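Here is a friendly walk through one predicted model, with helices and packing as the topics. Please have the structure open as you read.

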Amino acid sequence: MTNPDPCGVGLGLRWEILDEVLAAGRGELDAVRFFEISPENYMRRGGFIPDALSQVAERHPIVTHGLTMSLGGTDPLDAGYLAELRRFLGRFGASWHSDHLSFSGLGGALLHDLLPVPFTRQTARRIADRVRRAEDALGRRMAVENVSYYLHPGQPELDEADFIGEVLERADCGLLLDLNNLDVNAANHGFDRWEWLSRIPLERVVEIHVAGPEPWGDDLLLDTHGAPVRRSVHELLSWVIERTGPLPVLLERDNDVPPLATLLREVREIDATFRAALARRAASARRGDAA
Ligand SMILES: [Fe+2]
């Protein structure tokens with residue numbers, strides 16, 4: 001059975017903070033509206049880890065975000081993985097499951113990386129077909145996430161925003177909009193964040209990710225999820241929420257994971273941005289009603 005979908009600011013459930021989350025007293029985690037997990041970290045395991053997840057799920061909604069579906073790949077989708085994932089999503093997760101607009105395997109080898117795909121119509125068609133197959137196999141809606149990339153594989157036929165739009169329309173699926181990946185790509189490739197966003201079908205967004213990158217040299221940002229969220233990403237979040245209304249917003253922190261108290265402070269900062277955007281949205285709706 002699927003639980004009601006969460007809304008507001010959530011936190012990635014990393015093993016580094018699992019003990020603190022389990023030990024947290026009543027009310028300590030009130031700022032966290034949901035936890036996001038990667039099923040790959042919990043499936044095919046027994047003992048403490050799945051037990052701990054069950055305990056967390058008693059108190060918080062769980063959202064699932066996969067790492068290894070390789071939607072952009074050319075190998076057939078892994079039927080065994082999908083069957084196991086379907087069973088897992090029957091216990092944990094929201095009404096959608098997400099994975100990345102990337103590929104992570106070739107010729108049966110799993111590369112444990114999220115590699116960029118060529119922005120071509122043929123690739124968009126192939127990914128859309130795989131998304132639909134995954135939805136059939138999982139029995140629920142899929143959302144695809146825009147990834148960070150440092151180079152284009154091959155000659156792009158479309159730019160990224162048009163490519164994403166093409167996949168979404170052909171697959172009729174949801175979008176997991178990663179605003180940090182947008183911010184990092186815009187900084188590294190020198191394109192306009194706002195123009196990119198203006199061409200994204202925001203009505204398809206089911207979840208937002210925010211995170212912080214780290215500089216590498218003078219002019220490259222590395223998408224490490226190892227630093228606080230940048231001011232520029234707060235600005236993007238504010239712009240999107242003002243237009244979409246309330247959505248689940250996830251703080252991703254995967255490297256240099258600080259103590260839970262530090263992450264909770266950052267969750268509250270993101271929540272302040274989120275609430276201010278909703279207040280602006282409500283105020284402009286009232287002005288519209290009055291007009
Ligand atoms: Fe993300």
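The buried residues of helix 5 are covered by, among others, helix 4 (121-138), strand 7 (141-145) and strand 8 (174-178). Two notes before we go on. This is a predicted model, in which local features need pLDDT of at least 70, side-chain atom pairs count only at pLDDT 80 or more, and totals for chains, interfaces and linings use all residues. Residues are numbered from 1 along each chain as its sequence is written.

Helices (H or I, at least four residues) and strands (E, at least two) are DSSP runs, numbered from the N terminus. A residue counts as buried if 20 or more other C-beta atoms lie within 10 Å of its own, as exposed if 12 or fewer do, and as partly exposed in between, with C-beta atoms placed from the backbone. Contact, or covering, is taken as C-beta atoms, placed from the backbone, within 7 Å.

| Helix | Residues | End-to-end C-alpha distance | Expected span |
|---|---|---|---|
| Helix 5 (160-171) | 12 residues | 16 Å | 16 Å |

In helix 5, the buried residues are Glu160, Phe163, Ile164, Glu166, Val167, Leu168 and Ala171. Asp172 follows this helix with a positive phi, near 55°.

Helix 4 buries Thr123, Ala124, Ile127, Ala128, Arg130, Val131, Ala134 and Leu138. Viewed down the axis of helix 4, these residues fall within an arc of 165° (taken from the directions from the helix axis to the C-beta atoms), so they line one face. On the face turned away sit the exposed Gln122 and Asp136. Cover for the buried residues of helix 4 includes helix 3 (79-91), strand 4 (96-100), strand 7 and helix 5. Just after helix 4, Gly139 has a positive phi of about 70°.

**The core**

A nonpolar core is a set of buried Ala, Val, Leu, Ile, Met, Phe, Trp, Tyr and Cys residues joined through C-beta atoms within 7 Å. The largest one has 67 residues, and those touching the most other members are Val131, Val144, Val167, Ile208, Val210, Leu237 and Leu251. Helix 9 (residues 260-290) gives the most to this core, with seven residues.

Leaving out residues up to four places away in sequence, Ile208 touches Leu177, Leu179, Leu237, Val240, Leu247, Val249 and Leu250.

Definitions and conventions: Expected span 1.5 Å × (residues − 1). Contact = placed C-beta atoms within 7 Å.
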